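User: I am new to this structure and would like to learn how to read it. Please take me through some features one by one.

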Amino acid sequence: MSSISSVPAAVLNTSGGEGGGMHMPTLDELFPGPFWHIGDWFEFNRLDLVRVIATVALVTLIYLGARKTRLVPTRGQSTFELAMGFVHKQICEATMSPALARRYLPFIATIFFGVLALNITGVLPFLNVSSNSLVAVPMILAVCAWIAFVARGIKVHGLGHYLADNLFPKGAPKWMYVLLTPIEFLSTFILRPVTLTVRLMANMIAGHFLLTAFFVMTSYLLIDGGGLLKGVGLLTAAASFVFVCFEIFIAGLQAFIFAMLTSAYIGLAGEKH
Amino acid sequence: MLFIPPWDEVIISAVILAVIAVAVAKYGVPRYLKVLDERAATIEGGIKRAQEAEAEIAQIRSGLDGEKEAARVEAARVREDAKADAAAIVAEAKTKAGDEARRIQEAAQRQIESERRAAEVSLRQDVGVLASDLAERIVGESLKDSALASRVIDRFLKDLESQPVAGKGA
């Protein structure tokens, strides 16, 4: 781990230039020491707290939005319906039939809102880190997505046909299967969940370091820098603002991509060939 | 380390995701779909009711049109009847008036005729008496013989009668 974590630290420290009182973020920050122990094996650290806060906030928002659903919605309900409608229409119905979209909406919505809530903590003051920078949540969700689309494929086509359709693409010459089958197996059954996991995690890690680097640079330049460097500090402050906006966008985008791809995989798995 | 999560990490994540899944999948989504369906049903019901009301209005309107047509025909009929009646009444009145006029005329003629006759008779008598008186006075005593006198008078009256009416005054 030390070799991995030293890379961004080294890069950022050279680009930061001034060194001295500036503490650039390292990957170690993602593995903070626990502040609460339950027994010998269960530890509760800062990122777990961030997760809990995000979850409580999400559950509260859903409760507030859905607590009194009426035909003529209140503002809260409208917002809730807008968010649900986005997942329903833009993600599920974009990749599946309307009936199937209704069936998978709970699953896809869980992914979308869960990922979004856990992502957005990366830009919230005092939380300042997304727990999706850790592999656990993306990995669990990717495994669930994998199970969902494989189950869908087996249910529609049967195990044999599903595997045959995916591993032995029709229309290719027989000898090509030597090449195609491993590639198809890798891309469909291995790379899909892996890319889902890594894409989300890497985006959150990158976002975290980007923001932290700008915040650290800004505070160092404005407080410790002299003369002209204070002016540069103002620039990095402006850039920080831009990158916070960008990270908000990324938080939403990654949630959308994760949900959209899962939905697409499920939709594709059930398609007739 | 970066890609292999420790077990407690996995457990906490799983619990967190389970809580989110319950909130979203068991609470949020069903309520969203329920209100969506209710709204769709309400809108469909509303559209259906509107169509029914439209059909009803069309039906009532066509009924009204029929009644209006019937009323128009009735009015035309009444007007025609009234015209016919008026013509009949006028014709009857004309006939009656003509008859009455004729009757009055006839009565008047009859009266004139009878009065003329009476006048003629009375005139004839008066003329006879006057002529007799005159003749008496002219002829005097010689004509006192009554038989002769009556013969003369009769002859005179005969002549008088044989003359046209216009000549009576002579």
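User: Does A:Asn128 count as buried, partly exposed or exposed, and why?

Analyst: This is a predicted model. Burial is read by counting C-beta atoms around a residue: 20 or more within 10 Å means buried, 12 or fewer means exposed, and in between means partly exposed. A:Asn128 has 16 C-beta neighbours inside 10 Å, so A:Asn128 counts as partly exposed. A:Asn128 sits in the loop between helix 4 and helix 5 of chain A.

User: What is the phi of A:Asn128?

Analyst: Most residues other than glycine have a negative phi. A:Asn128 has a positive phi, near 55°. A:Phe126 also has a positive value, with phi near 80°. A:Phe126 lies in the loop between helix 4 and helix 5 of chain A. A:Phe126 has 7 C-beta neighbours inside 10 Å and therefore counts as exposed.

User: How many helices and strands does chain A have?

Analyst: Chain A contains eight helices and two strands. Read from the N terminus, the order of elements in chain A is α-β-β-α-α-α-α-α-α-α. Chain A has 273 residues, and 37% of them count as buried. If one takes the contacts in chain A between residues at least 6 apart in sequence, 62% join residues at least 24 apart.

User: Which residues have the most contacts inside the largest nonpolar core?

Analyst: A nonpolar core is a set of buried nonpolar residues joined through C-beta atoms within 7 Å. The largest one here has 70 residues, and those with the most contacts inside it are A:Val87, A:Ile108, A:Ala109, A:Phe112, A:Val115, A:Phe258 and A:Ala259. Among the elements that give two or more residues to this core are helix 8 (228-269) of chain A and helix 1 (7-139) of chain B. Helix 4 of chain A provides the largest share, 13 residues.

User: What is A:Phe258 in contact with, leaving aside its neighbours within four places in sequence?

Analyst: The contacts of A:Phe258, with those neighbours left aside, are A:Ile111, A:Val115, A:Leu141, A:Leu196 and A:Leu200.

User: At what angle do the axes of helix 5 and helix 7 of chain A cross?

Analyst: To read a helix pair, take the angle between the axes, then the handedness, then the residues that meet. The axes of helix 5 (residues 136-157) and helix 7 (residues 177-223) of chain A cross at roughly 150° and come within 9 Å. Helix 5 and helix 7 of chain A are therefore roughly antiparallel to each other. The crossing of helix 5 with helix 7 of chain A is right-handed. Residues of helix 5 of chain A in this contact include A:Ala142 and A:Trp146, and those of helix 7 of chain A include A:Leu196 and A:Leu200. By class, this contact has ten nonpolar, one polar and one charged residues.

User: How do helix 2 and helix 4 of chain A cross, and which residues make the contact?

Analyst: Here the axes of helix 2 and helix 4 of chain A cross at roughly 130° and come within 9 Å. Helix 2 and helix 4 of chain A are therefore oblique to each other. Helix 2 of chain A passes helix 4 of chain A in a right-handed crossing. A:Arg51, A:Ala54, A:Thr55, A:Ala57 and A:Leu58 of helix 2 meet A:Phe113, A:Ala117 and A:Leu118 of helix 4. The classes in this contact are six nonpolar, one polar and one charged.

User: How many residues does the contact between the chains take from chain A and from chain B?

Analyst: An interface can be read in steps: count the residues on each side, then see which elements supply them. The contact takes 31 residues from chain A and 29 residues from chain B. Helix 4 of chain A gives the largest share of the side of chain A that touches chain B, eight residues. By class, that side of chain A has 22 nonpolar, four polar and five charged residues.

User: At what angle does helix 4 of chain A pack against helix 1 of chain B?

Analyst: The angle is about 130°, and the axes are 9 Å apart. That makes helix 4 of chain A oblique to helix 1 of chain B. This crossing, of helix 4 of chain A with helix 1 of chain B, is right-handed. Among the residues in contact are A:Leu105 and A:Phe113 of helix 4 of chain A, and B:Ile20 and B:Val24 of helix 1 of chain B.

Definitions and conventions:
Residues numbered from 1 in each chain as written. Chains lettered and ligands numbered in written order. Predicted model: local features only at pLDDT ≥ 70, side-chain atom pairs only at ≥ 80, totals over all residues. Axes fitted to C-alpha atoms, helices over the stretch in contact; angles between N-to-C directions. Helix = DSSP H or I, 4+ residues; strand = E, 2+ residues; numbered from the N terminus. Parallel < 35°, antiparallel > 145°, perpendicular 65-115°, else oblique. Left-handed = near helix turned anticlockwise from the far one by under 90°. Contact = placed C-beta atoms within 7 Å. Nonpolar A, V, L, I, M, F, W, Y, C, P; charged D, E, K, R; others polar.
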